[in-house]
Amino acid sequence: MTAKEILAKLVSFDVLSKQNNLSLVNWISDYIRKYDVETVYVYNEEKTQASLHCRIGPALDGGIILSGHTDVVPVKGQPWNTDPFELIEKDGNLYGRGACDMKGYLACFLSVLPQMVAANLSVPIYFAISYDEEIGCLRAPELAEDIKSYYSEKPKYAIIGEPSMMQPIVGQKGILYVETHVNGSQGHSSRIEKEVSAIHESTRLILWLENKMKELARRNTNESFLPPHSTMHVGQIKGGIATNVVAGSTTFQWDVRSIPEDNIMDIVNEYQEYCDELQKEKRKQFPSFKIENTLLHPPVPGLQTDEKASIVDLIGEVTGNTTPSYVAYATEAGQFAEAGFESIICGPGSIEQAHRANEFVSIEQLEFGVQMIENIVKKISI
Ligand SMILES: [Zn+2]
């Protein structure tokens, strides 16, 4: 099958994060097994979702992991011109949810599988296919660990094919999503001096986050990133029931995107200290006042691969793109790096197309992705 044919098949599975992905993973597994390559599932507890990995080539150290995720973000509320789960070709582009982020890359390496199997590889190639990436990169750590424990040899590199226009990306910010819930006292708005408004207290917390961001921007910068400092942003807020009622509860969700110079949990812990102080103060007035913080996923580590690392040379050789760059979005690359693999982001399509209506990957980019994998196969063939 060509990359385009495989991509059409992959896009037809409308599997979002948190949803059962076995039909999609089974299809990929069946495809791989047709080439007499063994596949390994890494299930969730309920056995309703799975990551998958496999090895092509000899059981020798120094292999290359090609990694991508199967889940896609929702299409609800987005103004799509076509069925998002049917791959549509128009004007040199392939439209569909996940075409770019990141079933395109999966299609690239799956389409080169016949050449991999036929080649006499000096080091192995691994496929590492995860799920629930879009809701906080939840499954890459266990997938990377399973690869380390399942195979007796040790892979050296990991190429995470998030859309980068096939440019090598060596750095990404760390990321963490947090939900803050504030419980205040309800009452008539005319009595605001007697009540503790959850909305008013929430604005103090939000301002604290904004001021902390400014302070961090003065303290630590890394010019490789744009913006060159850690950021905090509140993306959702809910609270209150009427203009003349003091708000009894507020919930807001925010993210931290940290440069490698800042520790993401230090920022969150400092915020927690401020929350504790505010809670203590306000309880004098309203004893049930409460601020609760919930981490919506474990912190996703940043990526900081040395620009002189051999993975950068490898990508340069197989793509012709030799200038490493940096991104502010989160991927599984930091987690593969933490697991001990020299990791890089390089994949077809543009991040500008990801997550939006009428997402697409150009045929040119998809073919470039295939070319990169074919060049890797040639390079490591005896
Ligand atoms: Zn992605």
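1. Start with the overall layout. The chain splits into domain 1, made of 3-171 + 302-379, and domain 2, covering 174-295. Keep in mind that you're looking at a predicted model. The C-alpha centres of the two domains sit 36 Å apart.

2. Now look at where the domains meet. Eight residues of domain 1 are in contact with nine residues of domain 2. What classes of residue does domain 1 bring to the side that touches domain 2? You'll count three nonpolar and five polar residues there, and no charged ones.

3. Next, a pair of helices. Two packed helices are described by the angle between their axes and the distance between the axes. Here, take helix H3 (residues 103-111) and helix H10 (residues 363-379): their axes come within 9 Å and cross at roughly 45°. H3 and H10 are therefore oblique to each other, and the crossing of H3 past H10 is right-handed.

4. Which residues make that contact? On the H3 side, find Gly104, Tyr105, Cys108, Phe109 and Ser111. On the H10 side, they are Leu366, Gly369, Val370 and Ile373. Sorted by class, the contact of H3 with H10 has six nonpolar residues, three polar ones and no charged ones.

5. As background, most residues other than glycine have a negative phi, and most peptide bonds are trans. With that in mind, check the bond joining aspartate 101 and methionine 102: this peptide bond is cis, with omega about -15°. Methionine 102 belongs to the loop between strand S5 (93-95) and H3.

6. Where is proline 227? Look in the loop between helix H6 (198-219) and strand S11 (231-239).

7. Then there's lysine 47, which isn't glycine but still has a positive phi, near 60°. You'll find lysine 47 in the loop that runs between strand S1 (39-43) and strand S2 (50-56). Is lysine 47 buried or exposed? Lysine 47 has 10 other C-beta atoms within 10 Å, so it is exposed, since the cut-off for exposed is 12 or fewer.

8. Aspartate 91 lies in the loop between strand S4 (88-90) and S5. Aspartate 91 has 8 C-beta neighbours inside 10 Å, so it counts as exposed.

Terms used: Residues numbered from 1 in each chain as written. Predicted model: local features only at pLDDT ≥ 70, side-chain atom pairs only at ≥ 80, totals over all residues. Axes fitted to C-alpha atoms, helices over the stretch in contact; angles between N-to-C directions. Helix = DSSP H or I, 4+ residues; strand = E, 2+ residues; numbered from the N terminus. Parallel < 35°, antiparallel > 145°, perpendicular 65-115°, else oblique. Left-handed = near helix turned anticlockwise from the far one by under 90°. Contact = placed C-beta atoms within 7 Å. Nonpolar A, V, L, I, M, F, W, Y, C, P; charged D, E, K, R; others polar. Buried ≥ 20, exposed ≤ 12 C-beta atoms within 10 Å, placed from the backbone. Domains from an automatic or database assignment.
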